[in-house]
Amino acid sequence: MNDLKKRKARAAAAVELLKKEFPAARCRLAFHSPLELLVKTILSAQCTDERVNIVGETLFRKYRSASDFAQAPLHELEMDIRPTGFFRNKARNIQSCCRQLIERHRGEVPSTMDELTALPGVGRKTANVILGTIFNIPAVVVDTHVIRISRLLKLTNNADPEKIESDIMNVLSEKDWIIFAHLMSEHGRKTCIARRPACHTCVIAEHCPSSLSKTRKK
Ligand code: SF4
């Protein structure tokens with residue numbers, strides 16, 4: 001089997017086992033609208049999803065539309081999102097982003113990579129969250145769990161998120177692109193924990209070239 005075939009087989013086996021392990025894997029950010037997910041994804045940079053959900057609950061009772069965010073006094077918005085960290089930058093990005101949503105998209109969240117990444121504060125990772133979770137368009141989100149575990153699984157040798165995204169798209173069936181990041185996130189929290197992976201209890205150890213357990217690897 002050549003290297004690409006091996007990586008494809010490894011990716012498919014890992015995903016199937018992790019789907020069984022985490023049948024409820026999905027986006028951990030709570031949302032009721034595309035705008036809410038977009039704002040919360042911006043807030044989730046360097047912050048836990050749990051904290052963003054707590055802050056977001058109050059936030060979205062106060063700000064209900066792109067124009068509510070766009071018109072808010074900047075300092076007030078900063079204080080409202082302060083517990084998520086980097087609040088000055090995030091508040092500026094959320095306001096600029098919402099202003100562009102109003103100017104270019106009638107206040108709605110667009111559904112293409114180009115339109116999304118043209119928005120202030122929106123990179124490929126955030127855009128892929130929106131494409132996959134809101135519009136069900138196959139997209140690979142590359143977050144810290146995806147970077148770390150896909151490298152351990154040797155699905156990629158790259159460190160650059162955009163190259164990792166492309167490598168994963170190459171080895172994984174398109175139907176699994178959206179679920180992949182959710183599975184990596186669950187696996188990364190429960191078992192393949194940074195700096196102390198529990199390989200001896202890992203359900204995909206048999207397929208992992210980096211396994212520290214004695215299980216035979218394929
Ligand atoms: S075998 Fe170890 S390194 Fe590989 S995915 Fe499982 S926990 Fe992570």
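This is a predicted model: local features need pLDDT of at least 70, side-chain atom pairs count only at pLDDT 80 or more; totals for chains, interfaces and linings use all residues.

Visitor: Why does Asn136 count as exposed?

Guide: Asn136 has 9 C-beta neighbours inside 10 Å, so Asn136 counts as exposed. Asn136 sits in the loop between α8 (124–133) and α9 (144–152). Asn136 also has a positive phi of about 55°, although it is not a glycine.

Visitor: Why is Lys190 called partly exposed?

Guide: Lys190 has 14 other C-beta atoms within 10 Å. That value falls between the cut-offs of 12 and 20, so the label is partly exposed. Lys190 belongs to helix α11 (residues 177–190). Its C-alpha atom is 38 Å from that of Leu74, 116 residues apart along the chain.

Visitor: Let's turn to helix pairs. Why are α2 and α3 called oblique to each other?

Guide: The axes of α2 (residues 34–43) and α3 (residues 49–62) cross at roughly 135° and come within 10 Å. Roughly perpendicular ends at 115 degrees and roughly antiparallel needs over 145, so an angle between them is oblique. The pair α2 and α3 is therefore oblique, and its crossing is right-handed. Glu36, Lys40 and Leu43 of α2 make the contact with Val52, Val55, Gly56 and Phe60 of α3. These residues divide into four nonpolar, one polar and two charged.

Visitor: What makes α5 and α6 oblique as well?

Guide: Helix α5 (residues 74–81) and helix α6 (residues 87–105) pack at about 120°, with axes 9 Å apart. With the limits of 115 and 145 degrees in mind, α5 and α6 are therefore oblique to each other. Their crossing is right-handed. Leu74, Leu77, Glu78 and Ile81 in α5 meet residues of α6 including Phe87, Arg88 and Ile94.

Visitor: Which residues are closest to the ligand?

Guide: Of the 14 residues that surround the ligand, the closest are Cys192, Cys199, Cys202, Cys208 and Ser211. The shell divides into 11 nonpolar, three polar and no charged residues.

Methods
Residues are numbered from 1 along each chain as its sequence is written. Axes are lines fitted to C-alpha atoms, for helices over the stretch in contact, and angles run from 0 to 180 degrees between N-to-C directions. Helices (H or I, at least four residues) and strands (E, at least two) are DSSP runs, numbered from the N terminus. Angles under 35 degrees count as roughly parallel, over 145 as roughly antiparallel, 65 to 115 as roughly perpendicular and the rest as oblique. A crossing is left-handed if the near helix is turned anticlockwise from the far one by less than a right angle, and right-handed if clockwise. Two residues are in contact if their C-beta atoms, placed from the backbone, lie within 7 Å. Ala, Val, Leu, Ile, Met, Phe, Trp, Tyr, Cys and Pro count as nonpolar, Asp, Glu, Lys and Arg as charged, and the others, Gly among them, as polar. A residue is near a molecule or strand if its C-beta atom, placed from the backbone, lies within 6 Å of it.
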